[in-house]
Amino acid sequence: MNNKLQINKIIEKYPLAAVFLFTLVCLLPAMLLRDFTPSNELRYLSIADEAIANGNFFAFTNHGIPYADKPPLYFWIVMLCRVLFGSHCCLALSLFSLIPAFVIVSVMDSWVMSRASTADRMSMAMMLLTCGMFLGTAVVLRMDMLMCMFIVLALRSFYRSYTLEDKTGIESWLMPVWTFLALFTKGPVGLIVPPLSILVFLIAEGQWRQVGRYLGWKTWGIIAGLSAVWIFCAYLDGGREYIDNLLFKQTVGRAVNAFTHNKPFWFYLTAIWWCIAPCCLLTVGAFITSLIPSGKKKDSRSTRSDVEMLFVCVIVSTFLMLSSFSSKLPVYLCPLFPFIIYLFPVVLERTGGRKWMVWAIAIPAALLALAGAAVLLALSGALHIDELDQMLERYQFAVSLPVKIGALLLATGGVSSLWILISKKIWNLPVFIIGASMLLMVYASSYVIEQVNPYIGYGSVCSVVPEDSDVAVLYIRRPENMDVYLGRDIVDYKKDVDAFIEALSLREEGSAPLTLLIDSSRMEKSSELMRMVSERGSCTYSGPYCAVTFR
């Protein structure tokens, strides 16, 4: 009993720390065991390796081709972890996404929840940490969470200056520094979001004459000075062509006429719902409520506070700005998530509880319960659908006990939150349970991740490649950065089987062995390849891939 009381006292005193520790424990197996994904993570590692080998710190290359797509800060982190650990450590690198997520929650909590109960604070922290895209961004190797942290810090510094909370004047210096670091982490979005949000907020508040006070010579001078140092160093490292690529192709090109991820203007209107699920109905509902003007002019509860107005201005201005860019990905919405999530308690304090809020929690809770139950029935063989059965036959790890336990935890969380919502008519505990059940599901399911790794990345198939062999690939997506695992370059024949067969036939007697990495299903469709494998090769399967060594 005494131990329980001590634990309760600790949680009461450090509610966010309790949520952070629980989140870390639940995500730790996945962060520790998973492989790197080929699309971005493996490329960042390859770029870092190349930068270390070449001694570059400001101008980067990917297999000799200039890579000005991202600023240096995150690559420095990857390079530092590589040097410290001797190899690329997924756990260490994931912490540079997860820790910024914790910082964001801490800043938003101190900003909004200062007078809230312990239960409310823990529930809001859990709501943000487990909203779909935010949770994903907190564990993958990307710059977005780090940039989001600097944006939140910049806007918090502005607000402290605006409300005169800052008595020392240091926040007016920190705001442009945070803004530059957001730029230095991901690029132009980090530079645009804080000033644009501040400008829109001041205009909305009728304070447009004060723009120069917050976005004047000091602010832009600090940003310009730090940017000039960066660009000068990049020029010394990469030359004029690299600077042209950095300042024009990767900024104007992506904004106006994207060469990748080109999506229509309305793309984010559909993406936002699943990005902030499962509490999307609650948070979007609070946002719409905040936009609706109240007719009770003399009621103080109907008047938006400065915090509410700033959050709405950040959400609207950033959403429209990102929608106007031609290059769009759901993860680009990351700077919106802290503000749209923490707008809910601000609106709740002003308007009080509404009936729609109960439904906004009950619907996703019911859906999660049904989803968990359906998955559990399917994995247990009680539910049969032809396409699903075929998928489970291919991915045998899906029917393992940890995955079933994960589905059970998700269903139990949904049912429990519904019961508490109906019986006690409170919002905080059901929200907390929904988030906690999602994290527990991830924790349980993570124990099959080593079986999933061959489908996530290329580490498993590369591990069976002999050290003395040359390497070629066929029908494998973005294989160029396999050098992170292999320590040598590969030859990518893309989909040209005939070219590979011809190259193999022309190899001289006594030359090094050649290992072909190929999608197994594609190899089985080529009778010529299958004949050559049976005559000259030894074959090792790894997930959907096959490594064939010809000697």
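Mentor: Let's begin with a strand and its partners, and then turn to a helix residue, a surface patch and the cysteines.

This is a predicted model, where local features need pLDDT of at least 70 and side-chain atom pairs count only at pLDDT 80 or more, while totals for chains, interfaces and linings use all residues. Residues are numbered from 1 along each chain as its sequence is written, and side-chain values use heavy atoms, with hydrogens and water left out.

Our part is strand 5, residues 514-519. Helices (H or I, at least four residues) and strands (E, at least two) are DSSP runs, numbered from the N terminus. Five of the six residues in strand 5 are buried, so the rest of the structure largely encloses this strand. Here buried means under 20% relative accessible area, exposed over 50%, and partly exposed in between (1.4 Å probe, protein chains only).

Now for its partners. Two strands pair if DSSP finds at least two bridges between them. Strand 5 pairs with strand 3 (residues 470-474) in the parallel sense, over five bridges, and L517 in strand 5 is the bridge partner of V473. Strand 7 (residues 545-550) runs antiparallel to strand 5, joined by six bridges; there, Y545 stands opposite D519.

Next, visit S227 in helix 12, which spans residues 217-249. S227 is buried, at 11% relative accessible area. Beyond its neighbours within four places in sequence, S227 is in contact (heavy atoms within 4.5 Å) with F180 and L183.

Out on the surface, W273, L281, V358, W359, I363, L367 and L370 form a nonpolar patch with about 700 Å² of accessible area together. Such areas come from the Shrake-Rupley method with a 1.4 Å probe, and for residues only the protein chains shown count as cover. Patch residues have over 30% relative accessible area and no salt bridge; like charges are joined within 9 Å, nonpolar side chains (Val, Leu, Ile, Met, Phe, Trp, Tyr) within 5 Å. A salt bridge is a side-chain nitrogen of Lys or Arg within 4 Å of a carboxyl oxygen of Asp or Glu. Helix 18 (residues 355-379) gives the largest share of the patch, five residues. L367 lies in helix 18 and counts as exposed because its relative accessibility is 52%.

Last, the cysteines. A disulfide is a pair of cysteine sulfur atoms within 2.5 Å, and by this rule the count is zero. For C89, the closest cysteine sulfur is that of C90, 7.3 Å away, which is too far for a bond. C89 is partly exposed, at 24% relative accessible area, and C539 is partly exposed at 32%.
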